[in-house]
Amino acid sequence: MPGVLDATTRTDALRKLAEGPLDILIIGGGITGAGAALDAASRGLRVGLVESRDLASGTSSRSSKLIHGGLRYLEQRDFKLVKEALRERDLLVSKLAPHLVKPLPFLYPLYKKVVERPYVGAGLVLYDAMEGIKRPVPHHRHLTLRGALNRAPALLEERLAGAMIYYDAQVDDARHTLTVARSAAAHGATIVTRASATGLLRSADGGRVTGARVRDEESGREFDIPARAVAICTGVWTDPMYEASKVKAGYHVRMSKGVHLVMPRSAIDASTGMIIRTEKSVLFFIPWGDDRWIVGTTDTDWSGDRAEPAATVEDVDYILAQANRVLDRKLTRADVTGIYAGLRPLVAAAEDVSTTKLSREHVVDSPVPGLVSIAGGKFTTYRIMARDVIDAARESLEGSEVPDSVTDQLPLLGADGLPATRAAARRTAEDYNVPVETVEHLITRYGTLVSEVLNPVLKDRSLAEPLADGYPYLRAEVAYAVTHEGALHVEDVLARRVRLLIESPDAGVSVAAEVGAIMGGLLGWGRRRRAAEVKRYVEFAETSTEALRSPDDLPSSNADPEVAVPA
């Protein structure tokens with residue numbers, strides 16, 4: 001079946017990669033790597049992708065979850081980036097991924113009566129003008145003081161002079177990345193997770209890259225993947241990848257840590273997203289689902305663990321302090337139910353340049369024949385980045401006529417035929433004997449593939465039950481994560497296929513055993529393996545949310561978490 005990443009057939013995918021040869025091997029399963037795989041496969045190339053952990057396990061699941069033009073980059077006069085991002089935003093909203101990317105209004109509070117409104121207004125006029133005439137989102141609007149407070153009663157009225165409303169868009173970043181990867185698979189790409197590229201293969205004279213040496217992280221076995229070209233799309237892992245391969249890079253990547261807080265919708269009384277200026281950057285208040293906010297972000301240099309950047313108590317306090325500058329009801333740590341930290345891969349200009357001043361534009365490097373890499377950029381412009389890196393790689397594909405990119409014409413998996421699927425939601429609900437609200441929830445996550453998710457419910461009614469009380473996710477989505485989305489571990493499901501790691505006050509720990517049982521039934525796990533998976537997830541969740549707990553709440557280092565594992 002096209003576009004299926006079946007965890008139970010992973011061994012076959014590994015064998016196919018090793019047999020080769022590929023036209024191009026993509027290293028990295030974030031949004032850029034997934035986009036590059038789709039771009040290359042849709043040009044007719046033989047494509048493989050390896051990711052050392054899970055799809056979107058790094059930056060691509062820890063963003064602000066916005067598809068936006070970058071309004072604040074206008075002040076930096078980065079007009080090319082803004083225009084490019086606006087075009088990509090509109091493509092995603094209207095054509096490529098309307099099931100995943102939704103328009104979202106933002107309120108921009110004004111505090112200087114005379115100066116700020118014409119200044120911000122002029123910027124938004126330019127923002128709208130750069131988008132063009134045909135647009136899937138409304139134009140900006142001016143609001144009076146009363147209009148601003150009607151939309152956002154949470155705002156402190158003191159000094160407030162009114163507001164502007166403008167539109168950008170929102171996405172579940174991990175689900176979008178996964179959908180791009182599955183779309184690549186639908187066009188013939190072979191995608192394998194938990195497989196680390198440990199070095200590059202070279203020609204006999206050492207002058208050309210001819211593939212990569214890869215370690216299967218599940219079995220420990222190593223094998224070679226021959227390829228005519230290799231593309232490194234590893235974000236903050238780019239420098240270590242170059243170093244391990246003994247190749248001199250044309251740039252270096254600086255890591256900037258961004259932290260976001262998650263809190264209930266009741267904590268902030270507003271009917272729209274909001275954006276405020278801070279001394280360093282901006283702070284977003286982003287509606288998430290029907291009953292949560294995401295508030296962030298920070299922008300600080302990071303030199304620690306690339307795999308799991310740690311949010312700190314200071315990060316939490318900074319975000320709360322910045323938010324409380326403009327809120328009538330002050331937020332406290334008790335309002336925060338979730339937290340996550342990600343790393344932005346910024347192309348370094350100089351060691352003494354603040355990360356907030358570096359451009360988000362990307363850089364493509366071709367240091368030796370057969371090898372290309374890409375770094376920098378924004379989530380919104382991933383398709384452009386993917387196009388550019390594959391354009392650079394085709395110069396290494398001698399003797400082949402590689403067509404130009406066509407991804408601006410390719411709806412992602414689940415997008416084609418979406419209006420009919422939405423119109424048939426009630427009939428689908430009747431066919432599977434589930435509430436209409438359940439089908440509507442699934443459509444926002446899987447689009448036209450909703451029946452694929454629900455088909456197992458016809459044989460096992462337990463899969464139609466909610467995974468966790470108070471959340472819309474179904475147990476069927478856990479099974480689908482294994483059979484169609486390549487999930488290999490409990491963490492893969494709770495952190496990225498569903499978002500209980502950041503949405504649930506207990507980070508999804510209470511349902512980890514149930515997830516392990518569903519996955520175990522499909523992947524052949526015994527009781528010991530299930531227990532190990534649950535324990536691993538509990539430890540991961542505790543580390544991820546440590547900044548929200550006081551020292552008295554932290555578990556002792558030698559204490560094992562108590563988990564109930566179904567037989």
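This is a predicted model: local features need pLDDT of at least 70, side-chain atom pairs count only at pLDDT 80 or more; totals for chains, interfaces and linings use all residues.
Leu201 stands opposite Gly211 in strand S9. S8 and S9 (residues 209-216) run antiparallel and are joined over seven bridges. Together with S10 they form an open sheet of three strands, ordered S8-S9-S10, with antiparallel pairing. Strands S8 (195-202) and S10 (222-226) take the edges. Each has a single partner strand, so one side of each lacks a neighbour in the sheet. From one strand to the next, the twist averages 30°.

Helix H1 (residues 10-19) packs on this sheet. H1 touches S8, S9 and S10, and its direction makes about 55° with that of S10. The second pairing in the sheet, S9 with S10, is also described by its bridges: five of them, in the antiparallel sense. Within this pairing, Ala212 has Ile225 of S10 as its bridge partner. S9 and S10 form a hairpin, with five residues between the two strands. In the turn, Gly220 has a positive phi of about 85°. The faces of S10 are covered on one side and uncovered on the other. Phe223 and Ile225 make up the covered face. Glu222, Asp224 and Pro226 make up the uncovered one.

Eight of its eight residues are buried, so H15 is largely enclosed by the rest of the structure. The buried residues are Val490, Glu491, Asp492, Val493, Leu494, Ala495, Arg496 and Arg497. Their cover includes helices H6 (173-186), H12 (436-446) and H14. It also includes H16 (500-503), H17 (512-523) and H18 (527-544).

Side chains of opposite charge can pair when their charged atoms come close. Arg496 and Asp492 meet in such a bridge, at 3.0 Å from N to O. The two residues are four apart in H15, so about one helical turn separates them. Arg496 has a relative accessible area of 4% and is therefore buried. Asp492, at 0%, is buried as well.

Arg497 forms a salt bridge with Glu485, and the closest N and O atoms are 3.8 Å apart. Arg497 lies in H15, whereas Glu485 lies in the loop between H14 (475-483) and H15, so the pair ties together parts that are 12 residues apart in sequence. Arg497 counts as buried because its relative accessibility is 3%. Glu485 counts as buried because its relative accessibility is 1%.

These residues belong to a network of salt bridges. The network links Asp54, Arg175, Arg194, Glu485, Glu491, Asp492, Arg496 and Arg497. Elsewhere, Asp39 forms a salt bridge with Arg43, with 2.7 Å between the closest N and O atoms. Both Asp39 and Arg43 are buried. The count of salt bridges comes to 41.

Nonpolar packing was examined next. The largest nonpolar core has 57 residues. Leu467, Leu494, Leu500 and Met519 have the most contacts inside it. Leu494 is also one of the buried residues of H15. With neighbours within four places in sequence left aside, Leu467 is in contact with Tyr473, Leu474, Arg475, Val478 and Leu494, among others. A second, separate core has 47 residues, including Ala36, Leu92, Val93 and Met385.

At the level of the whole chain, there are 18 helices and 19 strands. Of the 567 residues, 60% count as buried. The C-alpha atoms fill a box of roughly 70 × 55 × 55 Å along the principal axes. A compact globule of 567 residues would have a radius of gyration near 24 Å, and the chain has 23 Å, which agrees. Among contacts with a separation of 6 or more, 73% come from residues 24 or more positions apart.

Terms used
Residues are numbered from 1 along each chain as its sequence is written. Side-chain values use heavy atoms; hydrogens and water are left out. A nonpolar core is a set of buried Ala, Val, Leu, Ile, Met, Phe, Trp, Tyr and Cys residues joined through side-chain atoms within 4.5 Å. Buried means under 20% relative accessible area, exposed over 50%, partly exposed in between (1.4 Å probe, protein chains only). Contact means heavy atoms within 4.5 Å. A salt bridge is a side-chain nitrogen of Lys or Arg within 4 Å of a carboxyl oxygen of Asp or Glu. Two strands pair if DSSP finds at least two bridges between them. Axes are lines fitted to C-alpha atoms, for helices over the stretch in contact, and angles run from 0 to 180 degrees between N-to-C directions. The radius of gyration is taken over C-alpha atoms; the globule rule is 2.2 Å times the number of residues to the power 0.38.
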